[in-house]
Amino acid sequence: MTRLYLIAITAFLAACTASPRPDVPVMPTGGQPMPDEWIDQDTGHKIIRLTTGSKGGRSFYFHNNPFLKDDNGNDLMIFYADVDTLRRLLSVNLATRQIEVITERPGRYTGEIVAPKRKEVFYQNHDSVFATHAITKETRLVYVFPDDFKGRITTVNANETLLAGTYSEPVKDSIYRRHPDKGSYFTRIYEAKIPHTLFTLDIATGELNKIYSERAWLNHVQFSPTDPDLLMYDHEGPWHLVDRIWTINVKTRKNQLMHERSMPMEIAGHEFFSRDGKIIWYDLQKPRGQTFFLAGVNIETKEKTIYRLKRDEWSIHFTISPDQKNFAGDGGDSTQVARAKDGRWIYLFTPSADSLISSRLVNMKHHGYRPLEPNPHFSPDGKWIIFRSDFDGTTHVYAVKIEKERI
């Protein structure tokens, strides 16, 4: 490790662990350098910055769990940050805001997989899968993909024995290289009907099992949080052209469609499991861009719960609270599918009859929704909503307090 690198890490951590200001200003959110904590003048909710330093940080995708507990029972959140030219995985103590570097291995990581019982973070660097213990920082090599099957891991099962992910034929990567913008590659990959394979990887033995293959774009692979054998995936592509949400039992290989479209231009997507693993929730529009719902389907009974949303309340991603009584959403700008005129907010939603009642928590008018989506997460104690934003010019991870401040 070079002396310059050590200096960079030391400076980065010093900035990250600075004490919060004793006074909390009331001010507009974004469009200017922001303090470590403030109260949004438009909503009255307190916001804290969980990452600091000139390089900032980036939290996980909305359905990837970033949380685990340290040996003292404190909640840690895993996130990414770039130090010099390299990406690192780090943890932040949600109570003290103390930040620690987890990974020192050079490379650009993919995976975003936290195994809270093991206290390990799984990630991938090219063809190699690693696990690093979040507390001891001990790293081990888990698996190296063979030359003829360069898969990509995305999820860990409930008892933390299996990883899962997808493999696609190399032509898919060539489409990405030629057309890096999502607007260019999205339809091309869908129309190419490239063979994809779902697989599992035994963490203990390194045994790889190919469980399902199809000439379709298979994506958003997620294990159930409670059933170690249940895997959810989607058929990716233009949402109005696909029956998107599926589950498969990794042992029996039973495959089920979870939502069938009922009208032209109906779309369903950005699916995620409930905390108890009984329901799959998803964004539902009937038809696309016209009427908006958050819908849930019971995995066993197929019974549906559907909550109506106003156009401005539609969010790119939704998530559910630990007690499953509330939802959060990250809003969207006028270029998104809802074409919302006033949708740039972090929202808290409370079910009431067949609708969701919204509360605005953060004014996101200075956030760049393209290409940075906020991807909300409830904190483990359910008192904060964590999101990422570039509203002061650098991407950071923030938390907004759900209980309103008295100002």
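Student: Why is E405 called partly exposed?

Tutor: In this predicted model, E405 has a relative accessible area of 24%, and because partly exposed covers the values between under 20% for buried and over 50% for exposed, E405 counts as partly exposed.

Student: What makes the contact between K401 and E405 a salt bridge?

Tutor: The side chains of K401 and E405 meet at 3.7 Å, N to O, and since a salt bridge needs a side-chain nitrogen of Lys or Arg within 4 Å of a carboxyl oxygen of Asp or Glu, the pair qualifies. K401 is also partly exposed, with a relative accessible area of 27%. Elsewhere, salt bridges that share partners join D234, E236, R244 and E271 into one network.

Student: How do you know that E236 and R244 form one of those bridges?

Tutor: Their closest N and O atoms are 2.8 Å apart, which is within the 4 Å limit, so the contact counts as a salt bridge. Both E236 and R244 are buried. A search of the whole structure finds 17 salt bridges.

Student: What makes the pair of F62 and F272 edge-to-face?

Tutor: A search of the whole structure finds 23 aromatic pairs. In the one formed by F62 and F272, the centres are 6.1 Å apart and the planes make an angle of 80°; the centres lie within 6.5 Å and the angle is over 60 degrees, so the pair is edge-to-face. This pair links distant parts of the chain, with F62 in the loop between β3 and β4 and F272 in strand β20, 210 residues apart. Both F62 and F272 are buried.

Student: How do you know that the charged end of R87 sits over the ring of Y80?

Tutor: The charged end of R87 is 5.0 Å from the centre of the Y80 ring, so the distance meets the limit of 6 Å, and the definition also asks for a position within 35 degrees of the ring normal. K193 likewise lies over the face of Y190, at 4.1 Å from the ring centre.

Methods:
Residues numbered from 1 in each chain as written. Predicted model: local features only at pLDDT ≥ 70, side-chain atom pairs only at ≥ 80, totals over all residues. Heavy atoms only, no water. Phe/Tyr/Trp six-rings, centres within 6.5 Å; stacked < 30°, edge-to-face > 60°. Helix = DSSP H or I, 4+ residues; strand = E, 2+ residues; numbered from the N terminus. Buried < 20%, exposed > 50% of the residue type's maximum accessible area, 1.4 Å probe, protein only.
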